[in-house]
Amino acid sequence: MQNTVYRNWARTFSCSPFKYVEVSSEDDILCCINEAREKGLKLKVVGYGHSPSDLTMTNGFLINMKKLSRLTDFSKLEDTEYAYATFQAGATLSDILQSLAPFGYTLEQMPTIVDNTLAGVTAVSSHGTGISIPALSNFVVSFHFITAEGKRLACNSENHPDMYKAMQCHLGALGIITEITVKCKRQFLLKHDIFPLPFNEVLEQLDHYLYSNKHFLFQWYPYTDYVAVWTYNECAKTATLTSGKFSWIYEYLVGNFLVEFLYGIAALFGYVSFFEKILFWGFFGKRQSITAQSKDILTRPILLKQYVTDWAIPLDKARLFLRNLRKYILESCPDQVHAPIEVRFAPSDDIWLSPCYKQDTCYVNIISYRPFGFDVKHSAFWNEYEALACKCNGRPHWAKTYKLGKCDLQKLYPKFVDFANLRSQLDPLNLFVNRNLANIFGIE
């Protein structure tokens, strides 16, 4: 398909690719690679467009793999609660959860949004939350992919281990993934509790909440000086399933569309701080509990269009960073900060370009809603947020917006040069390099 315009989900980035192709086989992928090389054009793969950045944008070939989404193999690991499942790379997390359900299995860790493809999630090592459970990329046991020269390769922890560690956060820079094998777990129930706490109290008790819960995050509403603490803990398979406010009506109509309408009014007339106080106490003023399948609790719909940035702060600097951010908001941003500021946690890992490489991490995610496509002033706050994150040696989420380039990133990632060298070997003609990757790797 030619003469088309592609936009990401939030409609914050767009491109006009020379050709948009929905491939249905590996041969289709090879044809696109060969044609792009012959025409001297770039080639990128796109999923469902949830990345709030230009990571997948190109004016060359843009290929979508949503037709390649099948479960191709499933094998239980004897005497354990785990199994290996192989999926085509275009499978979304929703596809995966549906395919695993008849076997009684699920993913142990996952990010919030289930419309992302597995290849896309691993591209940026997208995180969930829980200081004892690493990002989903750590559960991937093998990759099959096609290089820029049309070679079919495979890697795992034993076969090309360095390549495997690079592929677990590949940025779409090493090749086109065709199949991924992921370690999954027997389905389990989670008890999910939400309750309000003062901002300073949750920081003082941070270690307690981190290490006494399987999953823990908090949503900070800075103009209230309170947070909503979210904890998730595994419970017995015989536990009674319960429901709370988290119904379809609550999640979709109230949690998204009504909030969008009211945010639009508040932003237009300068009542954001007042509205967020009402929002917090209306949603989180009382303790709430729900027990359900993990897949129904760890994920939730996010339908409000928004600008997003998310930095990984070293855990030992998290309190300092959050207190400095609070000070700036209360002193300099009386009515500009959209809530919630979501704070999540992840353990150290050894993936080359993971934001958690060799450090326990606190992710601090900030947003600026775009109610009905209306852009709200936010640049001053975001610039200060990024400056504070840099002072704490934070690392930006690869799929979100940031201003760092090669020199800055090279200082933050000890394996950056190794990854860049591997990228040059696998893509010597820079077929997969768009503006985003050119900035990361300093390519002219």
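Author: One term to begin with: strands here are DSSP runs of E, at least two residues long, numbered from the N terminus. The model is a predicted one. On that basis Tyr-232 lies in strand 14, which covers residues 226-235.

Reader: Is Tyr-232 buried or exposed?

Author: Tyr-232 is buried, because its relative accessibility is 2% and the cut-off for buried is under 20%.

Reader: What does Tyr-232 touch, sequence neighbours aside?

Author: Not counting residues up to four places away in sequence, Tyr-232 touches Leu-190, Lys-191, His-192, Asn-213, Lys-214, His-215, Phe-216, Leu-217, Ile-297 and Leu-298.

Reader: And how far is the C-alpha atom of Tyr-232 from that of Ser-132?

Author: The two C-alpha atoms are separated by 12 Å, with the residues 100 apart along the chain.

Reader: What about Thr-231, buried or exposed?

Author: Thr-231 also has its place in strand 14. Thr-231 counts as buried because its relative accessible area is 5%, again against a cut-off of under 20%. Leaving out neighbours within four places in sequence, Thr-231 has contacts with Lys-191, His-192, Asp-193, Phe-195, Asn-213, His-215 and Phe-216.

Reader: Next, the strand pairing. How does strand 13 join strand 14?

Author: Strand 13 and strand 14 run antiparallel and are joined by seven bridges. One of the bridge partners is Val-229 in strand 14, which pairs with Phe-218. The two strands form a hairpin with four residues between them, and Asp-225 in that turn has a positive phi of about 65°.

Reader: Which strand does strand 13 pair with over three bridges?

Author: That is strand 17, residues 341-346, and the pairing is antiparallel. Phe-218 stands opposite Val-343 in strand 17, and Trp-220 stands opposite Ile-341.

Reader: How many residues of strand 13 are buried?

Author: Seven of the seven residues in strand 13, 215-221, are buried. That covers both faces: His-215, Leu-217, Gln-219 and Tyr-221 are on one side, with Phe-216, Phe-218 and Trp-220 on the other. In a regular strand, side chains alternate between the two faces of the sheet.

Reader: What is the strand order in the eight-strand sheet?

Author: The order is 15-12-14-13-17-18-16-19, in an open sheet with antiparallel pairing. Strand 15 (288-293) and strand 19 (395-396) are at the edges with a single partner strand each, so one side of each has no neighbour in the sheet.

Reader: Which helix lies across strand 13?

Author: Helix 10, residues 318-332, lies across strand 13, strand 16 (306-314), strand 17 and strand 18 (361-369), and it runs at about 15° to strand 13. Helix 11, residues 379-391, packs on the sheet too, touching strand 16, strand 17 and strand 18. The direction of helix 11 makes about 15° with that of strand 16.

Reader: How many bridges between strand 3 and strand 5?

Author: Four, with strand 5 being residues 61-64. The bridge partner of Lys-19 in strand 5 is Phe-61.

Reader: Now voids. How many cavities of 30 Å³ or more?

Author: Two. The second largest cavity holds about 50 Å³ of space.

Reader: What lines the second largest cavity?

Author: Tyr-232 is one of its lining residues, along with Gln-109, Met-110, Gly-128, Thr-129, His-215, Leu-217, Leu-298, Arg-300 and Arg-344. By class, that lining has four nonpolar, four polar and two charged residues.

Reader: And the second largest pocket, how much space?

Author: About 230 Å³. The pocket has 13 lining residues, and those closest to its centre are Met-57, Thr-58, Asn-59, Asn-434 and Arg-435. Strand 2 (14-15) and helix 14 (435-441) are the elements that give two or more residues to the lining. By class, the lining of this pocket has four nonpolar, six polar and three charged residues.

How values were computed. Residues numbered from 1 in each chain as written. Predicted model: local features only at pLDDT ≥ 70, side-chain atom pairs only at ≥ 80, totals over all residues. Heavy atoms only, no water. Buried < 20%, exposed > 50% of the residue type's maximum accessible area, 1.4 Å probe, protein only. Contact = heavy atoms within 4.5 Å. Pairing = 2+ DSSP bridges. 1 Å grid on protein atoms, 1.4 Å probe; cavity = no way out; pocket = protein on both sides within 12 Å on 5 of 7 lines; lining within 4 Å. Points joined across faces, edges and corners; volume = space filled by probe spheres on them. Nonpolar A, V, L, I, M, F, W, Y, C, P; charged D, E, K, R; others polar. Axes fitted to C-alpha atoms, helices over the stretch in contact; angles between N-to-C directions.
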